[in-house]
Amino acid sequence: MGTFESTTVTRANSASLVIVREPELNGAYVEPSWYVAYTRANHEKRVAEHLKGRTVEYFLPFYKSVRRWKDRRVQLELPLFPGYVFVRLPLRDRLRVLEVPGVVRLVGFDGHPAALPEKEIEALRESLARQLKVRPHPYLTVGRRVRIKNGALSGLEGILVRKKASFQVIVSIELIMRSVIAEVELSDLELVQ
């Protein structure tokens, strides 16, 4: 990571002014990237509303779940990744997100937010746009690894599972240690060595 750069300016009255500039991390300060905002419990929708008001590009994926109550069944729209909202912005504008009520922090390492690969977010967006049946799954790292060759999730890698007569792939986002499961055709997969 970079170090802070400081410049000392001496004025005519011999008082010094120190200007501190944050380092540029491989252009991340000026180029927009996808980051993950960690939110307080059950605040994802409120955070998304605030981000919309601040004109910050965000992505909050949902899935439909049927819940049975005493007297009826209700179809709910729940966050696919509870506690997280994806935001796209240059890192220098991170305060626009961190000042939103309900946002705890941007996910990263050693106090520096980590950017997500663009292809992961685009694949998720496309799968939801095509109404591919995607739902949360416990985080999984062990199993037969496959790469999806065709379809909305093409290019992503995951773990193959078989349920009855169908094949499903568990795709994980390593940064937040969350997974989703999607039904795929066996012909759309190839083994990863």
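Is Glu-126 buried, partly exposed or exposed? I found Glu-126 to be partly exposed, at 34% relative accessibility. I used these classes: buried is under 20% relative accessible area, exposed is over 50%, and partly exposed lies in between (1.4 Å probe, protein chains only).

I noted the sources before going on. The model is predicted, so local features need pLDDT of at least 70 and side-chain atom pairs count only at pLDDT 80 or more, while totals for chains, interfaces and linings use all residues. Residues are numbered from 1 along each chain as its sequence is written, and side-chain values use heavy atoms, with hydrogens and water left out.

Entry on salt bridges. I counted a salt bridge where a side-chain nitrogen of Lys or Arg lies within 4 Å of a carboxyl oxygen of Asp or Glu. The count comes to twelve. Glu-126 pairs with Arg-130, with the closest N and O atoms 2.8 Å apart; Arg-130 is exposed, at 52%. I then looked up Arg-147 and Glu-157, whose side chains meet at 2.9 Å, N to O. Arg-147 belongs to strand β12 and Glu-157 to strand β13 (residues 157–163). Helices (H or I, at least four residues) and strands (E, at least two) are DSSP runs, numbered from the N terminus. Arg-147 is partly exposed at 27%, and Glu-157 is partly exposed at 30%.

I traced an open sheet of four strands, in the order β4-β7-β3-β8 with antiparallel pairing; strands pair if DSSP finds at least two bridges between them. β4 (57–59) and β8 (103–106) are at the edges with a single partner strand each, so one side of each has no neighbour in the sheet. Six bridges join β3 (residues 33–39) to β7 (residues 84–89), and Val-36 has Phe-86 in β7 as its bridge partner.

Entry on the cores. I took a nonpolar core as a set of buried Ala, Val, Leu, Ile, Met, Phe, Trp, Tyr and Cys residues joined through side-chain atoms within 4.5 Å. The largest has 28 residues, of which Val-36, Phe-81, Phe-86, Leu-116 and Ile-176 touch the most other members. A second, separate core of 16 residues includes Val-47, Leu-51, Val-85 and Val-100.
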